[in-house]
Amino acid sequence: SQITFVALCGSLRRASMTRMLRATLPELAPEGVRIVDVEIDDLPLFNEDIRAESGTPAPVKALCETIAAADAVVLCSPEYNRMVPGALKNAMDWISTEPGYPMSGKPVSVMTQSPGPRGGNMSNYAWRQVLSVIGAEVVPGPDVSIGLMEDKVADGKLVDEAARKLVSRQLGQLAAWASAG
Ligand code: FNR
C-alpha cells in the first residue's frame with residue numbers, strides 16, 4: 001500500500017538549495033512512499049478580505065485539498081533572519097484559516113538547510129512553534145538542520161552521505177507515524 005507525503009519548499013528561487021533538498025526526498029523515502037511537490041509561489045499575501053469578497057483563492061484551495069488527501073507533510077525550509085521565511089509562513093497562514101483545517105493532526109517533518117554551520121536550526125524550531133499552534137504533529141527524531149549546504153549538494157541533489165542518512169531516517173520516522181494513523 002502506498003502513502004503520500006506532500007513536500008513544500010520555503011524558498012522560491014530556482015537555484016534554491018532547499019529545493020535541492022526537496023528534490024532528493026523521493027530517493028531517500030522508504031519504499032511505498034510517494035512524494036508530491038506543491039508550489040506556493042502563486043498564493044496571494046494572506047488577506048481575509050480576499051476570502052470574504054471572492055472566496056478562497058484557487059491555489060490555496062488546491063494546496064489545502066492536496067494536503068488534506070496526503071498522509072503527511074515534509075516542510076523544507078531555509079532560515080531568513082533567524083526566522084521562518086515569509087512565503088511559506090504565508091502559505092501556512094492561509095491553510096490555518098481554511099475550514100477543514102487540513103494541517104490539523106497531520107504528521108509533519110521539518111527540514112532546514114543553510115550555507116552557514118547551523119543549518120537554519122532557529123528556523124527549524126520556529127517552525128515547530130507555528131506548526132504546534134495549527135495542530136500539526138511534528139515528528140520527533142533526528143534534527144534535520146543541514147549546515148554547510150553548499151558543500152553537500154551537486155547536480156541539484158543532496159549528495160552528502162551523512163546528511164542523506166539523516167533525511168532518510170527522518171522520512172522513515174514520518175512514514176511510521178503516518179502509517180500508524
Ligand atoms: C539569509 N540567510 C540566512 N542563513 C542563515 O543560516 N540564517 C539566517 O538567519 C539567514 N538570514 C537570511 C535572510 C535573508 C533575507 C536571506 C535572503 C538569506 C542565508 C540563506 O540561508 C541562504 O541564502 C540560503 O541559500 C537560502 O536558501 P535557498 O534559497 O538556497 O533555498
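**A buried alanine, a nonpolar core and a ligand shell**

Ala-23 counts as buried because it has 20 C-beta neighbours inside 10 Å (buried takes 20 or more other C-beta atoms within 10 Å, exposed 12 or fewer, partly exposed anything in between, with C-beta atoms placed from the backbone). This is a predicted model, so local features need pLDDT of at least 70 and side-chain atom pairs count only at pLDDT 80 or more, while totals for chains, interfaces and linings use all residues. Numbering runs from 1 along each chain as its sequence is written.

Ala-23 sits in helix α1, residues 17-28 (helices are DSSP runs of H or I, at least four residues, and strands are runs of E, at least two, numbered from the N terminus). Leaving out neighbours within four places in sequence, Ala-23 is in contact with Gly-156 and Lys-157 (contact puts the C-beta atoms, placed from the backbone, within 7 Å).

Next comes the core. The largest nonpolar core has 50 residues, and Phe-5, Leu-8, Val-73, Val-74 and Leu-75 touch the most other members (a core is a set of buried Ala, Val, Leu, Ile, Met, Phe, Trp, Tyr and Cys residues joined through C-beta atoms within 7 Å). Helix α6, residues 161-180, gives the most to this core, with seven residues. Leu-8 touches Val-38, Ile-40, Val-73, Leu-75, Cys-76, Leu-88 and Ala-91, not counting residues up to four places away in sequence.

As for the ligand, 14 residues lie around it, with Ser-11, Ser-16, Thr-18, Pro-78 and Ser-114 coming nearest (near means a C-beta atom, placed from the backbone, within 6 Å).

Note on methods
Contact = placed C-beta atoms within 7 Å.
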